Amino acid sequence: MEGPPASARPVAEPFARSVEQHAGAVREAILAAVGSGSEDLDVADAVGRALAVDLIAPIDLPGFDNSQMDGFAVRSVDVRAAPVTLPVHTTIAAGDGRPTRLPEGSVTRIMTGAPLPEGADAIVPVEDTTPAGPDAVTIGTAAGPGSFIRRRGEDIRLDEVVLGAGGHLNPARIGAIAALGLTTIPVRRRPRVAVIATGDELAPRGGPLPFGHVYDSNAPMLAAALRTDGAEVTLVDRSDDRPDRFLHLLTAAAAAADLIVTSGGVSMGDFEVVRDVLEPRGGRFGKVAMQPGGPQGLSIVDDTPVISLPGNPVSSLVSYAVFIAPVLRELAGRPATPRTTAAAGRDISSIAGRRQFLRGRVADGVVEPVGGPGSHLLATMASANVLIDIPADVVAVAKGDKVRVWAI
Ligand code: AMP
Ligand code: MG
């Protein structure tokens, strides 16, 4: 944060943007700052991350033909006339690596996962057999060639792409990669994000709440949202409304993170510390045509983007969901949070020219708005499971009309 004094640069005009325009600017800034770094992680620790390269299978899976059932390995021609009683040649357990060969006119007792003996071409499940003395079995039903055999390479073949670069590592994928015997894999580095909440009125949790103060909800809330979407939160702090204090924290945050998210201090009041500090340093502030969450800012400090969200808790979280979450999820290779439609549970009115994000509860395909429009109603938002997304040009939704809903 060295360089020319703040007053040396002209302050840009406040912007007036659509949601899409501001989302595009935020996305570009985040992608430029986070870059394409990767790190090698133990497969067991890679869940939730995005693969950095195409992953190529180093072996076949399964690695050898084996039995899908506990039963008997047979030559299908020998059991064509079932029921038929045949001698049991030997027993093969899972993990038995001895080379075995099935003599003609006999069967081998075999367990699930055990290698198929040479010469066998079918498995008869134990349920379809009856013992016939110590060394013989009666096969009750015929088995066609290939029945109950897991073929080498039928799941994945050597040199095939198991998962493409950018793919999200969920538990099933971790399992598939572990099955291939890999120990470490390259994953995309997680974006390191710092969170700074601002406001003279913010009190830390755990202490007294002086009159006129509020406990800081935004810093823990935004940190939680960032972690949920795959970021590494490297700093969470609170600033009062003094510019020197905020500037000090901002400098520390820029050193500790790829990206800074601030809350509060961006609108048109008298003590808008975020805007007052960042606007003279080239930051852009203004209004996005949405509600809640109109006032927004985007700046670059020491090559680190600073995304400035409004302080009202509901506005803060809705802005996060609209502008930041989709980009972080994209970086982590995750699908966007589900966006579907539901029938409005009652008439809804909306303001012309602004995209509305109402809090709602969906049950059985019907969405009921919860709480009023107030952006301070965070506890009410906690009972919502979707945002109802009403386009800027819609002013009235009738009960029963389909509306877009975003899972939250
Ligand atoms: P601001 O955007 O700074 O003008 O703040 C708008 C409203 O949000 C005020 O009522 C603030 O007290 C409240 N607010 C701002 N930051 C926080 C926070 N971190 N936690 C809880 N409420 C906040
Ligand atoms: Mg404030």
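These questions and answers look at the ligand site and at some strands of a predicted model.

Me: Which side-chain contact does E201 make with ligand 1, and at what distance?
Reply: E201 is listed among the closest of the 16 residues that surround ligand 1. A polar contact is a pair of N or O atoms within 3.5 Å, and here an N or O atom in the side chain of E201 faces an oxygen atom of ligand 1 at a distance of 2.5 Å.

Me: How much of the 490 Å² that ligand 1 exposes when taken alone does the protein bury?
Reply: Other contacts also involve nitrogen atoms of the ligand, for a polar side-chain atom of D216 lies 2.8 Å from a nitrogen atom of ligand 1, and a polar backbone atom of S217 is 3.0 Å from a nitrogen atom of ligand 1. Of the 490 Å² that ligand 1 exposes when taken alone, the share buried by the protein is 76%.

Me: Where does ligand 1 sit?
Reply: The shell around ligand 1 is made up of five nonpolar, nine polar and two charged residues. Strand 14 (192-198) and strand 16 (214-215) are the elements that give two or more residues to this shell, and the place where ligand 1 sits is the largest pocket.

Me: Which residue in the turn between strand 25 and strand 26 has a positive phi?
Reply: Strand 25 and strand 26 run antiparallel and are joined by four bridges, and within this pairing R361 has E368 as its bridge partner. The two strands form a hairpin with two residues between them, and the residue in the turn with a positive phi, about 50°, is D364.

Terms used: Residues numbered from 1 in each chain as written. Chains lettered and ligands numbered in written order. Predicted model: local features only at pLDDT ≥ 70, side-chain atom pairs only at ≥ 80, totals over all residues. Heavy atoms only, no water. Near = heavy atom within 4 Å. Polar contact = N/O pair within 3.5 Å; in protein donor to acceptor, adjacent residues only side chain to side chain. Areas by Shrake-Rupley, 256 points an atom, 1.4 Å probe, with all protein chains shown as cover. 1 Å grid on protein atoms, 1.4 Å probe; cavity = no way out; pocket = protein on both sides within 12 Å on 5 of 7 lines; lining within 4 Å. Sits in = over half its atoms within 2 Å of the grid points. Nonpolar A, V, L, I, M, F, W, Y, C, P; charged D, E, K, R; others polar. Pairing = 2+ DSSP bridges.
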